[in-house]
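Morning, everyone. Please have a look at it first.

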Amino acid sequence: MLSVAFLGLGAIGRPMARRIAAAGFPLTVWNRTSARATAFARETSAVAARTAGEAVEEADVAVTCLSTSADVRQVLDGGVLESLKRGATLLDCTSGDPATSRRIAEQLGARRVSFVDAPVSGGVRGAEDGTLTVMCGGEAADLERVRPVIESFGKKIVHCGPVGAGDAVKAMNQALLALTIWGTGEALVALSKLGVSARVALDVINASSGRSNASMNLFPERVLTRAFPRTFRLALLEKDARIAAQIARDERVPAPLTQLAADLCTLARKELGEEADHVEAVKVIEAWAGAEVR
Ligand SMILES: NC(=O)c1ccc[n+]([C@@H]2O[C@H](COP(=O)([O-])OP(=O)(O)OC[C@H]3O[C@@H](n4cnc5c(N)ncnc54)[C@H](OP(=O)(O)O)[C@@H]3O)[C@@H](O)[C@H]2O)c1
């Protein structure tokens, strides 16, 4: 059985690592804030390593799930690169940027370590249930080798193309997510002010052509209930939308809406703070309008 190291026990990394442990893979974990790793090891069969380098020494597959590709770069330079064994694979589940992933893959390749970018979608609940969508970039043979590990937390696993292709698809998906949250927020605040209940409006929209994950799931579960659980930071959605806008610029595709998605995320994050959840962006529209979605 492949032995696995997992670096980054954040909001989504934790349930993903828990699935890997539950599937029976020998697992070593590391987290920058070490208390998270020791707590995880107490609750599972995993071993907590003192350093990231120590965590990956014996690993066939090292999984990273950090905030950004720059953080992956930093962890690699901080001892992981030199500790990875020949023939190992770095499976990067960070929602990263393609250009940095390509540079990392090149550097690892020189040490006979392969790289697969494998960002995920489906949220914390999808990670807990093992139903994440996993979009992969890299060599098909490298993906096949690590597929059993991905299958412990992913349901739909798609090979999107060469290194960076998974990151690119993820970034575009996220820009669409930001746009649908914002657009649905504008529509429902306006309808609420007009006197149409948001519940009634969503009932219609979700049986019509304006529906989306935002209207079908996020608004009913998080906005109408005013629960706004903190599962995915707005700052991370902002990072994703910025990557999407950069890809469009690199490819010389005029993309005003993608850029707007990034700028609106920045505006909302400045208003609401680094820890705000992505769906809380709706609160900015509500504050501007002086009315809540109700
Ligand atoms: N949450 C979701 O629903 C979701 C869904 C799909 C994709 N994603 C993506 O998955 C990735 C992780 O997201 P998350 O929600 O788990 O984020 P998070 O809760 O903010 O956790 C970030 C993790 O990265 C670690 N980290 C950040 N910078 C680091 C650095 N420079 N060196 C070492 N460790 C570092 C943090 O360590 P500390 O504990 O020390 O802070 C933490 O373990 C992101 O790319 C995000 O866009 C998240």
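One convention before the results: Ala, Val, Leu, Ile, Met, Phe, Trp, Tyr, Cys and Pro count as nonpolar, Asp, Glu, Lys and Arg as charged, and the others, Gly among them, as polar. Also keep in mind that this is a predicted model.

The largest cavity holds about 80 Å³ of space.

Which helices supply at least two residues each to its lining? They are helix H8 (165-194), helix H11 (234-250) and helix H12 (256-272). The lining includes Ala 178, Leu 179, Ile 181 and Trp 182, then Leu 234 and Leu 237, and also Ala 261, Leu 264, Cys 265 and Ala 268. His 278 and Ala 281 are in the lining too. By the convention I gave, the lining has 11 nonpolar residues, 1 polar and no charged.

On to the rings. The whole structure has 1 aromatic pair. Separately, Lys 283 places its charged end over the ring of Phe 228, at 4.5 Å from the ring centre.

Last, the ligand. There are 28 residues around the ligand, and Asn 31, Thr 33, Arg 36, Ser 67 and Thr 231 come nearest. Ser 67 also has a polar backbone atom 2.9 Å from a ligand oxygen. For Ala 11, a backbone N or O atom is 2.9 Å from an oxygen atom of the ligand. For Ile 12, the distance from a polar backbone atom to a ligand oxygen is 3.0 Å.

That is what I have.

Technical notes:
Residues numbered from 1 in each chain as written. Predicted model: local features only at pLDDT ≥ 70, side-chain atom pairs only at ≥ 80, totals over all residues. Heavy atoms only, no water. 1 Å grid on protein atoms, 1.4 Å probe; cavity = no way out; pocket = protein on both sides within 12 Å on 5 of 7 lines; lining within 4 Å. Points joined across faces, edges and corners; volume = space filled by probe spheres on them. Helix = DSSP H or I, 4+ residues; strand = E, 2+ residues; numbered from the N terminus. Phe/Tyr/Trp six-rings, centres within 6.5 Å; stacked < 30°, edge-to-face > 60°. Lys NZ or Arg CZ within 6 Å of the ring centre and 35° of its normal. Near = heavy atom within 4 Å. Polar contact = N/O pair within 3.5 Å; in protein donor to acceptor, adjacent residues only side chain to side chain.
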